[in-house]
Amino acid sequence: MQPVQCAEEKLMISGQCNCGAVAFTVTDASQTNTQPGGIFICHCSLCRRSTGSNGIAVIVVDNHNFRWVRGEEHICTWRKPVGDWQIWFCRVCGSPLPGVNDPARMFVPAGLISSGADELRVAHHIWVDSKAPWDRIGDDGHQHPAAYVG
Ligand SMILES: [Zn+2]
Ligand SMILES: [Zn+2]
C-alpha cells in the first residue's frame with residue numbers, strides 16, 4: 001500500500017513542451033536524496049548547441065516524484081556517440097524534455113515549467129569554465145568550473 005502522507009508543503013510543478021504533446025508533473029521538488037533543490041544551469045558547449053542559448057537550466061528530482069501526464073510516445077532522444085551526454089526532446093516541436101540524470105533521478109528543463117516555479121532559484125552553475133564568451137552570470141548561484149561538486 002501507499003504510505004499515508006499529509007498534504008502540507010509539497011511543491012507541485014507542472015510543465016509541457018511548446019506544442020503541448022508532452023506534459024509532466026513533479027511533486028516535492030524541493031527534496032532530492034543527494035543534491036539540493038534549486039535550479040542548475042549547465043553552460044557546457046553540448047547544452048548550448050542543443051538549446052541555441054547559453055546552456056540549459058534544469059531541476060533534478062527523484063524518479064518517484066516525477067510523472068508523465070501525456071505524450072511519452074512523442075519523446076525522442078539523442079546520445080552523443082562519444083561522451084556521457086544525452087538529450088530528450090519532443091518529436092513534434094523540438095522542445096527539450098525531462099530526461100535521465102542518473103538511475104535514481106530525472107532532470108527537468110526549468111523553462112518547461114508552466115506552474116510551480118515561483119519558489120525556484122538558481123542554485124548552481126556548472127561547467128562555468130567552458131561557458132560562451134558572451135555569457136555573463138548575473139545571479140548568486142554557486143559557480144563550479146566543471147561538473148557539480150556537492
Ligand atoms: Zn512538443
Ligand atoms: Zn551541459
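**Chat notes: strands, sheet and core**

User: Which strands does the two-residue hairpin join?
Analyst: A hairpin of two residues links β8 to β9. Bear in mind that this is a predicted model.

User: How do β8 and β9 run, and how many bridges join them?
Analyst: They run antiparallel, with three bridges between them. Strand β8 covers residues 99-102, and β9 covers residues 105-109.

User: What stands opposite Asp 102 in β9?
Analyst: Arg 105 does.

User: What's the strand order in the open sheet?
Analyst: The order is β8-β9-β4-β3-β11-β12. That makes six strands, and the pairing is mixed.

User: Which strands stand at the edges?
Analyst: β8 and β12, the latter being residues 142-143. Each has a single partner strand, so one side of each has no neighbour in the sheet.

User: Back to β9. How does β4 pair with β9?
Analyst: In the antiparallel sense, over five bridges. Strand β4 spans residues 56-62.

User: Now the largest nonpolar core. Which residues touch the most other members?
Analyst: Phe 40, Cys 42, Val 58 and Val 108. The core has 27 residues. At least two residues come from each of β2 (23-27), β3 (39-42), β4, β7 (86-90) and β9.

User: Which strand gives the most to this core?
Analyst: β4, with six residues.

User: What is Val 108 in contact with, leaving aside neighbours within four places in sequence?
Analyst: Val 26, Val 58, Ile 59, Val 61 and Pro 98. Val 58 is also on the list of core residues that touch the most other members.

User: Switching topic. Where is Cys 76 found?
Analyst: In strand β6, residues 75-79.

User: Why does Cys 76 count as exposed?
Analyst: Because Cys 76 has 12 C-beta neighbours inside 10 Å, and a residue with 12 or fewer is classed as exposed.

User: Which residues is Cys 76 in contact with, beyond four places in sequence?
Analyst: Phe 89 and Arg 91. Cys 76 and Arg 91 are 15 residues apart in sequence, and their C-alpha atoms are 5.8 Å apart.

User: Last one, Ala 123. Which strand is Ala 123 in?
Analyst: β11, residues 122-126.

User: And why is Ala 123 partly exposed?
Analyst: Ala 123 has 18 C-beta neighbours inside 10 Å, so Ala 123 counts as partly exposed. A buried residue would need 20 or more.

User: How far is Ala 123 from Gly 37, in sequence and in space?
Analyst: They are 86 residues apart in sequence, and 7.7 Å apart from C-alpha to C-alpha.

Notes
Residues numbered from 1 in each chain as written. Chains lettered and ligands numbered in written order. Predicted model: local features only at pLDDT ≥ 70, side-chain atom pairs only at ≥ 80, totals over all residues. Pairing = 2+ DSSP bridges. Helix = DSSP H or I, 4+ residues; strand = E, 2+ residues; numbered from the N terminus. Contact = placed C-beta atoms within 7 Å. Core = buried A, V, L, I, M, F, W, Y, C linked by C-beta atoms within 7 Å.
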